[in-house]
Amino acid sequence: MTDRLLEEIRGALRVVIDPELGENIVDLGFVYDIAVEDGAVRITMTATTRGCPATSFLKEGVEAAASTVPGVAAVDVAMTFEPAWTPDLIEPAVRASLGFAAVN
């Protein structure tokens, strides 16, 4: 049940689009961890930079999206910048579509 719930939450988070990069936060590698315990969800995520002006927007979007998943009773979103986000965290197909060179 928990694995399925985690995947449903991850899927719901794909509707949250980073306004700068125009892609969803899951494929951009912004979501570092999702933990569920008795319907309470804790999501640890990041943004492109510590001073990213979209941080509040992204955090609110994550809370709203995760709350739509059946079985989720509460959502807590923790922003972190450790480790720092880098383009290496982007899914390869999305990275290529954004024009980032492949990292070898």
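Okay, so contact here means heavy atoms within 4.5 Å. With that in hand: among contacts between residues at least 6 apart in sequence, 61% join residues at least 24 apart.

Quick housekeeping. This is a predicted model, where local features need pLDDT of at least 70, side-chain atom pairs count only at pLDDT 80 or more, and totals for chains, interfaces and linings use all residues. Residues are numbered from 1 along each chain as its sequence is written, and side-chain values use heavy atoms, with hydrogens and water left out.

We've got three helices and three strands, running α-β-β-α-β-α along the sequence. Those are DSSP runs numbered from the N terminus: helices are H or I with at least four residues, strands are E with at least two.

On overall dimensions, the C-alpha atoms fill a box of roughly 40 × 25 × 20 Å along the principal axes. The radius of gyration, taken over C-alpha atoms, is compared with a globule rule of 2.2 Å times the number of residues to the power 0.38. For 104 residues a compact globule would come out near 13 Å, and the protein has 14 Å, so the two agree.

How much of the protein is buried? That's 38% of the 104 residues, with buried meaning under 20% relative accessible area, exposed over 50%, and partly exposed in between, using a 1.4 Å probe and protein chains only.

Let me zoom in on T55. You'll find T55 in helix α2, residues 55-67. T55 counts as buried because its relative accessibility is 17%. Leaving aside residues up to four places away in sequence, T55 touches A47 and M79.
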